[in-house]
Amino acid sequence: MNIYNQHYEKVGYAERIGRLLVKYEGEWYADEALTKWNEIDELFEEEKDEKKDFISKLLDELGIDKEHQRKFAFDKVDEELEHIKRVWQIEKEKRIKPSLWWKGVADKQSSQTLNTNNNAPTLTNLSKDGKAWFIHPVAMVDYFPGAGIVTYQIYHDGKIEKHIPEKILPGYEQKYKYVYHDKNKKIHELGIFTVYVTKAMARGNIPQEHDVELINVKEFENGYISSDGSVKAKFATFNSDHNRWYINPSCFAGLLGAMLELNADYLGFNGFSTHDAKSVESQSHINGIAGDLRYISEKRNGELTWLSYSTFDFDEQEKFNTALYKFGWARTSLMYSEYFTYKKQSNTLLKYTKHMKKAPPNGYDHYHHLHICGFDFNLIINVQD
Ligand SMILES: [Zn+2]
């Protein structure tokens with residue numbers, strides 16, 4: 001068997017064990033199990049002594065008192081027990097290995113940063129005492145290098161890599177993982193998200209031949225915060241009557257990058273596309289590549305904020321727009337906003353935006369939200385692992 005096959009076997013084995021763990025919880029945990037099973041080793045010794053007593057009495061009854069004859073009988077007992085013990089060791093090995101596997105994952109997990117994503121089980125779900133109910137997928141992947149999940153590696157300097165492993169971990173074929181590398185070279189597991197595949201739409205919601213992938217941003221509802229609280233991202237509010245929660249996976253990486261740069265946990269998410277990649281309310285929100293965010297409020301709570309409000313945080317908004325650009329947005333076209341008056345300066349326009357306002361009946365306004373678009377997909381670096 002070559003290494004690749006061995007590895008694949010191991011992953012398959014781990015999967016099955018994982019399912020058993022769900023059923024039998026702590027029973028498989030190494031410390032507890034080892035203690036239990038080593039107690040059985042002691043039973044063999046007790047058994048041996050009992051057997052020898054029994055043989056000794058038997059020999060006495062039979063009148064066998066010659067030393068070499070008695071020794072022969074006792075040696076047979078020893079031999080037989082050694083054989084049983086060897087068989088038992090092999091059996092024990094088979095039983096204990098999965099437990100050690102559990103412990104390895106649990107230990108690894110406890111050293112990772114806290115993940116607040118609801119869909120990925122948090123590290124507390126796999127406790128070190130073996131009482132937990134399921135395996136943390138992130139830890140599981142790390143435990144089996146070589147097989148993995150398609151992962152977006154987002155770097156603080158704006159670089160985004162999409163890593164595609166040679167072998168996808170079973171059960172993770174339709175999942176993407178997002179990881180952030182901060183300026184201190186700390187790695188943050190942002191979460192694992194389901195990838196939805198649906199027909200692409202042309203403007204006017206006309207179905208196309210090819211498919212597109214979408215991520216449900218609602219899976220990121222709890223956001224991310226590192227264990228020390230220094231790195232975070234979250235949407236404070238979700239505001240769409242039409243469930244426009246779906247975003248292109250690469251665009252999501254770019255948006256996360258911009259949010260993490262500012263530790264933005266205060267954005268109002270007004271929506272990208274529907275689950276079937278359609279645009280509602282606006283024309284251009286197809287395929288999850290364009291969407292709306294509320295302008296940033298000084299209250300940092302995702303509340304509705306107009307450009308004209310005194311609570312509008314102009315400086316933070318400019319920083320955020322710059323971060324969006326850094327992570328790939330507004331590259332192929334400018335984002336949409338409107339002229340407004342800021343500190344008596346009329347015709348102020350936010351960075352990387354253009355004035356997009358049109359009179360009714362088919363009009364649109366951007367005084368109450370920022371439309372982000374123009375993501376440059378060519379900036380994503382594809383890496384085959
Ligand atoms: Zn829009």
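In the predicted model, strand 5 and strand 6 form a hairpin in which 5 residues lie between the two strands. Lys185, in the turn, has a positive phi of about 65°. The two strands run antiparallel and are joined by 7 bridges. Strand 6 covers residues 187–202, and Ile187 in that strand stands opposite His181.

Strand 5 consists of residues 175–181. Of its 7 residues, 5 are buried, so the strand is largely enclosed by the rest of the structure. Strand 5 also pairs with strand 2 (residues 150–155), here in the parallel sense and over 6 bridges. Within this pairing, Lys177 of strand 5 is found opposite Thr151.

Asp211 in strand 7 is the bridge partner of Lys199.

Two packed helices are described by the angle between their axes and the distance between the axes. Ala258, Glu261 and Leu262 of helix 5 make the contact with Lys319, Phe320, Ala323, Leu324 and Lys326 of helix 6. By class, this contact has 5 nonpolar and 3 charged residues, with no polar ones.

Over the chain as a whole, there are 6 helices and 19 strands. The chain has 385 residues, and 34% of them are buried. Among contacts in the chain with a separation of 6 or more, 66% are between residues 24 or more positions apart.

Lys48 is located in helix 2, which covers residues 30–62. Lys48 has 18 C-beta neighbours inside 10 Å and so counts as partly exposed. When residues up to four places away in sequence are not counted, Lys48 touches Val77 and Leu81. Glu80 is 32 residues from Lys48 in sequence, and the C-alpha atoms of Glu80 and Lys48 are 9.6 Å apart in space.

Leu370 is part of strand 18. This residue is buried, as 26 other C-beta atoms lie within 10 Å. Leaving aside residues up to four places away in sequence, Leu370 touches Asp292, Leu293, Tyr295, Met335 and Ser337. Leu370 and Leu350 are 20 residues apart in sequence, with a C-alpha to C-alpha distance of 9.6 Å.

Some backbone features of the loops remain to be described. Most residues other than glycine have a negative phi, and most peptide bonds are trans. Asn287, which is not a glycine, has a positive phi of about 60°. Asn287 lies in the loop between strand 12 (267–271) and strand 13 (291–293), and is buried, with 24 other C-beta atoms within 10 Å. Arg300 likewise has a positive phi, near 55°. The place of Arg300 is in the loop between strand 13 and helix 6. Arg300 is partly exposed, with 14 other C-beta atoms within 10 Å. The peptide bond from Pro360 to Pro361 is cis, and its omega is near 10°. Pro361 is in the loop that lies between strand 17 (353–355) and strand 18 (370–372).

Key: Residues numbered from 1 in each chain as written. Predicted model: local features only at pLDDT ≥ 70, side-chain atom pairs only at ≥ 80, totals over all residues. Buried ≥ 20, exposed ≤ 12 C-beta atoms within 10 Å, placed from the backbone. Helix = DSSP H or I, 4+ residues; strand = E, 2+ residues; numbered from the N terminus. Pairing = 2+ DSSP bridges. Contact = placed C-beta atoms within 7 Å. Nonpolar A, V, L, I, M, F, W, Y, C, P; charged D, E, K, R; others polar.
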